[in-house]
Amino acid sequence: MNEKKYMRLWTITVPVAAWLFYLGSAVFSSGFYSVILSILLLGSVLAAVYHSEVVAHRLGEPFGTLLLAFAITVIEVGLIISIMMGAKGLETITLARDTVFAAVMIILTGIVGACIVIGSLRYREQVFTLQGVSTALITLTAVVVFVLILPNFTVSHSGGEYTSFQLLFIALVSLSLYLGFTMVQTIRHRSFFISPQNKLLKGEQTQDHPGKISARPMYVSIFMLVLCLGIVVLLAKLLSKDVEHMVIAAGAPKSIVGVIIAGIVLLPEGFAAFRAARNDQIQTSLNLAFGSALASIGLSIPAIAIISVITGIRMTLGIDIKSTILLGLSLFIITVSLATGKTNIMQGVVLVGIFLIYLFITIVP
């Protein structure tokens, strides 16, 4: 197999150009320059998807999707912490909560729903391994309740906040659950997270992946993946001011800015999940979605909690009753919909409907 197929020139030149233009933003500043940065941002997202698929092709499932979810989450944590450390006073007291909640809702309703719709339109029904999805859902439900709902009902601190001791303990439990899930996914029950049709091939490569690439292109793709994800987050942060001005000019609440930035950060995973669903690999789509949601909470919150306790920055985690209802409804619908091991278009339509309601309520609270 020709390995040059896996290393196309644009997937390297676009991220490099994005980094150069990002560095040039310290000198140049105009509306036209922002448009160029936006185009390079989108190109970097597509390049990240390409390189993530090369790595996934080499490592196999579920290691490829796990790597992409982990890389994006680490960079997301870095972005949140940098904003928290750079702001003053109570400006960032709800930043971690809003970012994590937005990411979870986008993943559970927007990405999963769209993947099911895309797959159902082409294949009517798609099958996945039920044990893997069930394992991810019970872990995700527990961590979501610990982090986003339980703080509203503790009495040691008011306003949806944990005390420092409570925060560290919840962070430790959340991290332990995420690490336990990762071990189950990659070692103990790896077969739970492999597509049923791939299992039938008994180790043979599928038609979409006729052969493995060598180690060198994989290492290059890992390096480029990190560059792509890094510049995506940095450009998203840089362009957030322009987005905020547009939101304010449109008369929408500033909370929508967090949703937009979270959506941009999740674009690489979203595109990768959509392409997998289109290729009849709904298992890969679900691995990406649930793995990303778990990493967003199980990795982000512990890291941010430690920084919060060390620096003394207050952090509100509890979501309001409106958000609790939408989050609970999303988890319930997904649990019921995916309980049979098959997907159909109505499941995806309902999830996309919840996602649209979430966006609407955020814009028109």
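**Group meeting: a walk through the predicted model**

Leucine 46 sits in helix H2, residues 31-59. Helices here are DSSP runs of H or I, at least four residues, and strands are runs of E, at least two, numbered from the N terminus. A word on the source: this is a predicted model, where local features need pLDDT of at least 70, side-chain atom pairs count only at pLDDT 80 or more, and totals for chains, interfaces and linings use all residues. Residues are numbered from 1 along each chain as its sequence is written, and side-chain values use heavy atoms, with hydrogens and water left out.

Back to leucine 46. The cut-offs: buried is under 20% relative accessible area, exposed is over 50%, and partly exposed is in between, with a 1.4 Å probe and protein chains only. Now its partners. Leave aside neighbours within four places in sequence, and leucine 46 is in contact with Trp10 and Phe271. Contact means heavy atoms within 4.5 Å. Leucine 46 and phenylalanine 271 are 225 residues apart in sequence, yet 7.6 Å apart in space, C-alpha to C-alpha.

That leads to the whole chain. Among contacts between residues at least 6 apart in sequence, 84% join residues at least 24 apart. The chain has 14 helices and two strands. Of its 365 residues, 51% count as buried.

Next, helix H4, residues 95-123. H4 has 29 residues. From first C-alpha to last, H4 reaches 40 Å, close to the 42 Å expected at 1.5 Å a residue. That expected span is 1.5 Å times one less than the number of residues. Where is the kink in H4 centred? On isoleucine 107, at about 35°. The bend is the angle between axes fitted to the seven residues ending at a residue and the seven starting there. Of the 29 residues of H4, 23 are buried, so this helix is largely enclosed by the rest of the structure. After H4 comes arginine 124, with a positive phi near 65°.

Now serine 285, in helix H11, residues 282-298. Serine 285 is buried, at a relative accessible area of 1%. Its contacts, leaving aside neighbours within four places in sequence, are Cys115, Ala273, Ala276 and Ala277.

Last stop, helix H14, residues 345-363. Methionine 346 lies in this helix.
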